[in-house]
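Student: I would like to learn how to read the features of a protein model, one at a time.
Tutor: Then let us look at one together.

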Amino acid sequence: MVVLCLIFFLCFKVNLVTTEEKRLLLNDPDVLVNRLNNVENIVAILNATVRQLTTENKQQAATNQQQEKTIQLQQSSIQQQQMSIQQQNTSIQRHQTLIQQQQVLIKQQEQTVKQLQGSIISIQKFGATYIRWGRKQCPNNGTELVYSGYAGGGYYGESGSAAEYVCLPPDPNYVKTSGPDGAFMYGGEFDTNFFASDSDNEDVPCALCRATQATSVIMIPGKNTCYSDWKEEYHGYLASGGHTEASASAFVCVDINPEYIIGGVDERYGKLFYNVLTKCGSLKCPPYKANYPLTCVVCSR
């Protein structure tokens, strides 16, 4: 459009001559040549302008194409980013759902932990107790010592004495200072060297123990190991009072490695401890053997 306007202007300018000039142009060859040269110059300028504009148009077209490609790439990138955002939103929603599920699970686990803690506290309040005869301490197996004391019972030669052995605490409490002499409590004493090479006449200690992880405790005569699913607390030899003595007695399990009460070596008698032998007859032999000392074991579960 610019080129056409320029041509029209130049042509109009060439025609702007007076009649005298027309005659002059017809009669003056120099003027005619000069005019022709001017026209040629103008044409050359126009051609150059056209070429420049054509080049610029091509460059602009190339630029436009490049920009269109850039726009297409950007649009594609935007679409990909939008898809990525959608995927991320979906992933966030999934994670939020998982977090909610985990929060619910954590609450359930916290409740379970509280219940277990309550159960542990309940178990700790229970447990099972037993007496370890011949020792001052409890086994080092999760068992707690209630107290360490002295073995005692009725006098071996008195027919009315109580039968059972008892474990007396080291810190008795008295209320009255006197009373009728209807019954008596004596200390316990080994009356043989069977339990150890120097056990004769030694006073017997005891320990009251609590198995914190158990609800049942048994003493098994004739065994020195526990049955399956039972835990050993200690083992040793079965003991009781003498069979010729007037006082009744009971069977207890004396530890395999007995201790003694300090200063108790004097022969004072009292509640006596003897080893126990098997006698065949109504007791089946085998599996038992005549005159063999019986072992024992204390087990918990």
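Student: What should I know before reading any values?
Tutor: This is a predicted model, in which local features need pLDDT of at least 70, side-chain atom pairs count only at pLDDT 80 or more, and totals for chains, interfaces and linings use all residues. Residues are numbered from 1 along each chain as its sequence is written, and side-chain values use heavy atoms, with hydrogens and water left out.

Student: Which secondary structure elements does the protein chain have, and how are they assigned?
Tutor: Helices (H or I, at least four residues) and strands (E, at least two) are DSSP runs, numbered from the N terminus. Here the protein chain has three helices and 10 strands. Along the sequence the pattern is α-α-α-β-β-β-β-β-β-β-β-β-β.

Student: How do I read burial and contacts?
Tutor: A residue is buried under 20% relative accessible area, exposed over 50% and partly exposed in between, using a 1.4 Å probe and protein chains only. Of the 301 residues, 24% count as buried. A contact means heavy atoms within 4.5 Å. Among contacts in the protein chain with a separation of 6 or more, 74% come from residues 24 or more positions apart.

Student: Which residues touch the most other members of the largest nonpolar core?
Tutor: A nonpolar core is a set of buried Ala, Val, Leu, Ile, Met, Phe, Trp, Tyr and Cys residues joined through side-chain atoms within 4.5 Å. The largest one holds 27 residues, and Trp133, Phe190, Val254 and Phe273 touch the most other members. Elements giving two or more residues to this core include strand E1 (128-133) and strand E7 (231-240). Strand E5 gives the most, with four residues. Leaving aside residues up to four places away in sequence, Trp133 touches, among others, Tyr165, Cys206, Cys253 and Phe273.

Student: Where does the backbone call for a second look?
Tutor: Most residues other than glycine have a negative phi, and most peptide bonds are trans. In this model, the peptide bond from Cys285 to Pro286 is cis, with omega near -10 degrees. The bond from Pro286 to Pro287 is cis as well, with omega near 10 degrees. Pro286 is in the loop between strand E9 (271-275) and E10, and Pro287 is found in the loop between E9 and E10. Asn291 is also in the loop between E9 and E10, and its phi is positive, near 65 degrees. Asn291 is partly exposed, at 43% relative accessibility.

Student: How many disulfides are there, and what is the criterion?
Tutor: A disulfide is a pair of cysteine sulfur atoms within 2.5 Å. By this rule there are five disulfides. Counting bonded cysteines along the chain, they follow the pattern 1-4, 2-3, 5-10, 6-9, 7-8.

Student: Why is the disulfide of Cys138 and Cys209 left-handed?
Tutor: The torsion about its S-S bond is about -100 degrees, so the link of Cys138 and Cys209 is left-handed. Cys138 lies in the loop between E1 and strand E2 (143-153) and Cys209 in strand E5, so the pair ties together parts 71 residues apart in sequence. Cys138 is buried at 13% relative accessible area, and Cys209 is buried at 0%.

Student: Is the link of Cys253 and Cys296 left-handed or right-handed?
Tutor: The link of Cys253 and Cys296 is right-handed, with 85 degrees about the S-S bond. This pair connects Cys253 in strand E8 with Cys296 in strand E10, 43 residues apart. Cys253 and Cys296 are both buried.
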